[in-house]
Amino acid sequence: MSTAGANIAMQNPQASTSRQPLLSVRGVKTYYGNIIALKGVDMDVNEGEIVTLIGANGAGKSTLMMTIFGNPRAREGTITYQGQDITRMPTHEIARLSIAQSPEGRRIFPRMTVYENLQMGASMNNLQYFDQDLERVCTLFPRLKERLQQRGGTLSGGEQQMLAIARALMSRPKLLLLDEPSLGLAPLIVKQIFQIIKELNERDGMTVFLVEQNAYHALKLAHRGYVMVTGNITMSGTGKDLLNDPQVRAAYLEGGHH
Amino acid sequence: MNAPSITTAAQTQAVTRSFDLNAALKDAFKTTLITLGLSIPILAYRTDQAGADLFLTPRWGLVAIVCAIVFGLRLVLHAFTASRAYGKATPSARQATEAVHATPSAFQHVSRFALPMFLGVALFFPLIIYLIQGGLTESRYWVDLGILILTYVMLGWGLNIVVGLAGLLDLGYVAFYAVGAYTYALLSTTFGLSFWICLPLAGILAAFWGMILGFPVLRLRGDYLAIVTLAFGEIIRLVLINWVDVTGGGAGISSIPRATFFGIPFTAGEGGFAQTFGLEFNSMHRMIFFYYLILALALITNFVTMRLRKLPVGRAWEALREDEIACRSLGINTTNTKLTAFAIGAMFGGFAGSFFAVRQGFVSPESFNFLESAIILAIVVLGGMGSQIGVAIAAIVLVGGPEILRNLTFLQSVFGAGFDPNEYRLLLFGIGMVAMMVWRPRGLISEREPSVILKERKAISGSLVKEGHG
């Protein structure tokens, strides 16, 4: 992956130095009112990587993801993307920096058709590449192609998740943030979705930051992983290392492989 | 896909759609006979006492009316149960998970026939009334009613942008109506500006006030937003009452210059409209001009809304209604999106307001109370939020309904001479609201028509999905 990362960094003159991570989070503290949710998180995502964040319910995984997107804002610490400080930026401006997010709970637009949902995803580019990207997304998710005229809310959970990812892809992001894409889905669909994430990464060189409960699948897929416990990153390493770590196994992988 | 298609399953199931009219008529007739039988001892004679003597007063007219009502109700019941049985046997387009190509949505049902019909009736309404009533002066009442309804159609369409499309509950819409009306009233009485100059100015000023309202309420949603907008409506009204120097206070502004036909006044004398076009002078000319003016304004509102829905800003409004957080993460500036919705909705309110002022020739704060806001909102909600045709139908029902009620004088023969149907207006209004909540909780036309149709227009399933989080 390091070679792929270097390749893309060379193509992209905006990345100031080739060794600098695409996204870096330094000492970020986030509060909900007086309650501290993130207690000083450090994390990096390099270009071309799949990085996963695993942890139990309420550990702060989704909060970290939302904080990167500026909602809620970090009270302390800095978040840098492509060398630019985005800690205080409003959410919609962050989204325009070629970061896309598929938020937790999918959050598709239920009364709008699949086609319109995808249009919304491409709206920040003013639909400039819409036809091209629609084609691409439809090859990636053939299910969605059959359902372009259907309302988003009538799709099954798996299809909605596909739509959420597809919608995020429509903005041609460099970094894709995925929050629990496996939530509430059948194992077969989970496999499909993870396969697609892998494809996006390997074929298109897309950097992916994946927040997951499904630790086994996520760690198997990811190049690197972080483990979060009650607002702190407690462990980090390559996906394989974490997968073989006895602590991680005990905490997140008991109950067998899926 | 893998699951057996629901459509094919239903097609094999033979269900006759048309309900058996003969059987229904027969049954209704039987019921009527029973009613008649029961009426003879109960209703047909009234005992009147005159001194020591008792007189039987026959009341066969009443019996006939009761029988007719029973007959009609029985028929309606049959039609209702038949259509329900049909609906049960057919897969509902709303429940299917796949696009059901067989049954068009309610919107398409309505739009295919109703849209051209509505437009045609609206365009030729004065002519139709003229032919029915047999004279210009005789048709004054109906043209006046048409103007009133169209004003509310336009207001409903304007508010539909804010409430129906952007999903921002606005209880103070009448404030923009007032801004528009007072803009025309003040500019024309003070500076002598003509209606055609004031109309855009009224729209701009109302849009400006829409933004002023928009800024403080950007963070609010739902109930909280409703309360703030309600307060805004009241503030405008109270300012109009209390700022006596400018607005004339509670007395309002009178003798507002009347509209001219693009410079030609509607007067009897030299250079007037009638004389210029070689017609006999009739004050109805002005009314008919007003009718077409408000019709044009309303159609412009509709046209602009329909176009905006297909543009990024309109799509952003609808996405905002569906899910604000998702919107932001897709790079949509929710602040600007909300402000444009408020501003454009308010602008149409302002247009309608300046039309109101020029039609009445008099404005006072009385016309802009909370009840007006409530009626406009009721029109939007009953019509089906976001549906243009639904809003038009709801405006006709809610504004025209009370007028029809006023004319139901035959009810006096049933309930006695002192009966005034108009007094029961709010009661019927309430009953209608409750009935709507039970049968069509999401408005007359609740289906949302997609802004983009791929290839051919076909029925789209699942319009009744939950709003908000997917």
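Which residues does Thr137(B) touch, not counting residues up to four places away in sequence? Thr137(B) touches Asn282(B) and Met284(B). The model is a predicted one. Thr137(B) sits in the loop between helix 4 (106-133) and helix 5 of chain B. With 9 other C-beta atoms within 10 Å, Thr137(B) is exposed. Leu213(B) is 76 residues away from Thr137(B) along the chain, and 43 Å separate their C-alpha atoms.

| Helix pair | Angle between directions | Distance between axes |
|---|---|---|
| Helix 5 (140-165) and helix 15 (370-383), chain B | about 70 degrees | 8 Å |
| Helix 11 (284-310) and helix 14 (334-360), chain B | about 175 degrees | 11 Å |

Helix 5 of chain B packs against helix 15 of chain B at an angle of about 70 degrees. That angle makes helix 5 of chain B roughly perpendicular to helix 15 of chain B. Their crossing is right-handed. On the side of helix 5 of chain B, the residues that meet helix 15 of chain B are Tyr152(B), Leu155(B), Gly156(B), Leu159(B), Asn160(B), Val163(B) and Gly164(B). Helix 15 of chain B answers with Ile376(B), Leu377(B), Ile379(B), Val380(B) and Gly383(B). By class, the residues of this contact are eight nonpolar, four polar and no charged.

For helix 11 and helix 14 of chain B, the angle is about 175 degrees, and the two are therefore roughly antiparallel to each other. Phe290(B), Leu293(B), Ile294(B), Leu297(B) and Thr301(B) belong to helix 11 of chain B, and they meet Phe348(B), Phe351(B), Ala352(B), Phe355(B) and Arg359(B) of helix 14 of chain B. The residues of the contact of helix 11 with helix 14 of chain B comprise eight nonpolar, one polar and one charged.

**Sheets in chain A**

An open sheet in chain A is built from four strands in the order 2-1-4-5, with antiparallel pairing. Strand 2 (35-45) and strand 5 (84-85) of chain A are its edge strands, each pairing on one side only. Helix 2 (residues 61-68) of chain A packs on this sheet and touches strand 1 (23-32), strand 2 and strand 4 of chain A. The direction of helix 2 of chain A makes about 70 degrees with that of strand 2 of chain A. Strand 4 (residues 76-81) and strand 5 of chain A run antiparallel and are joined by two bridges. Thr80(A) stands opposite Asp85(A), which is in strand 5 of chain A.

Strand 7 (residues 175-179) of chain A is paired with other strands of the chain. With strand 6 of chain A, strand 7 of chain A pairs in the parallel sense over four bridges, and Gln101(A) has Leu177(A) as its bridge partner. With strand 8 (residues 207-212) of chain A, the pairing is also parallel, over five bridges; here Val208(A) is the bridge partner of Leu176(A). Why is strand 7 of chain A largely enclosed by the rest of the structure? Five of its five residues are buried, so the rest of the structure largely encloses strand 7 of chain A. Both of its faces are covered, with Leu175(A), Leu177(A) and Asp179(A) buried on one side and Leu176(A) and Leu178(A) buried on the other.

**Backbone exceptions in chain A**

Most residues other than glycine have a negative phi, and most peptide bonds are trans. The peptide bond from Asn71(A) to Pro72(A) is cis, with omega near 5 degrees. Pro72(A) is in the loop between helix 2 and strand 4 of chain A.

Arg106(A), a residue other than glycine, has a positive phi near 70 degrees. Arg106(A) is placed in the loop between strand 6 (99-102) and helix 4 of chain A and is buried, with 27 other C-beta atoms within 10 Å. Thr230(A), which is not a glycine either, has a positive phi of about 35 degrees. Thr230(A) lies in the loop between strand 9 (224-229) and strand 10 (232-238) of chain A and is partly exposed, with 14 other C-beta atoms within 10 Å.

**Contact between the chains**

The contact takes 35 residues from chain A and 32 residues from chain B. On the side of chain A that touches chain B, helix 3 (91-95) and helix 4 (114-121) of chain A are the elements that give two or more residues. Helix 4 of chain A gives the most, with five residues. That side of chain A has eleven nonpolar, 18 polar and six charged residues.

Definitions and conventions
Residues are numbered from 1 along each chain as its sequence is written. Chains are lettered from A and ligands numbered from 1 in the order in which they are written. This is a predicted model: local features need pLDDT of at least 70, side-chain atom pairs count only at pLDDT 80 or more; totals for chains, interfaces and linings use all residues. Two strands pair if DSSP finds at least two bridges between them. Two residues are in contact if their C-beta atoms, placed from the backbone, lie within 7 Å. Axes are lines fitted to C-alpha atoms, for helices over the stretch in contact, and angles run from 0 to 180 degrees between N-to-C directions. Angles under 35 degrees count as roughly parallel, over 145 as roughly antiparallel, 65 to 115 as roughly perpendicular and the rest as oblique. A crossing is left-handed if the near helix is turned anticlockwise from the far one by less than a right angle, and right-handed if clockwise. Ala, Val, Leu, Ile, Met, Phe, Trp, Tyr, Cys and Pro count as nonpolar, Asp, Glu, Lys and Arg as charged, and the others, Gly among them, as polar. A residue is buried if 20 or more other C-beta atoms lie within 10 Å of its own, exposed if 12 or fewer, and partly exposed in between; C-beta atoms are placed from the backbone.
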